[in-house]
Amino acid sequence: MHSGGRDEILGTPYSDLDLVVFHEGTGVVEPEAIWDDPQWVEWRGGHAHQFRTA
């Protein structure tokens with residue numbers, strides 16, 4: 001998330017539901033529509049929508 005002139009990591013998602021919660025918490029109305037947009041979501045350590053447990 002970009003806020004106050006800086007980037008902030010909202011957390012580490014472990015499912016698509018986690019992404020919904022993170023984005024809805026920032027006011028995004030349709031989070032699923034932005035998941036594949038690299039300006040909104042940076043997928044790290046694997047492909048989009050593939051999660052690993054910690």
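Buried means under 20% relative accessible area, exposed over 50%, and partly exposed in between, with a 1.4 Å probe and protein chains only. The model is predicted: local features need pLDDT of at least 70, side-chain atom pairs count only at pLDDT 80 or more, and totals for chains, interfaces and linings use all residues. Residues are numbered from 1 along each chain as its sequence is written, and side-chain values use heavy atoms, with hydrogens and water left out.

**Exercise 1.** Find which side chains meet in a salt bridge, and state whether they are buried or exposed.

Solution.
- A salt bridge is a side-chain nitrogen of Lys or Arg within 4 Å of a carboxyl oxygen of Asp or Glu.
- Searching the whole structure gives one salt bridge.
- Its partners are Arg44 and Glu42, at 3.0 Å from N to O.
- Arg44 and Glu42 are both exposed.

**Exercise 2.** Determine where Pro38 is found, and whether Pro38 counts as buried or exposed.

Solution.
- Pro38 belongs to the segment after α1, where helices are DSSP runs (H or I, at least four residues) numbered from the N terminus.
- Pro38 counts as exposed because its relative accessibility is 69%.
- Between Pro38 and Leu19 there are 14 Å in space, C-alpha to C-alpha, and the two are 19 residues apart in sequence.

**Exercise 3.** State which helix gives the most to the lining of the largest pocket, and with how many residues.

Solution.
- The helix is α1, residues 16–25.
- Helix α1 contributes three residues to this lining.

Key. Helices (H or I, at least four residues) and strands (E, at least two) are DSSP runs, numbered from the N terminus.
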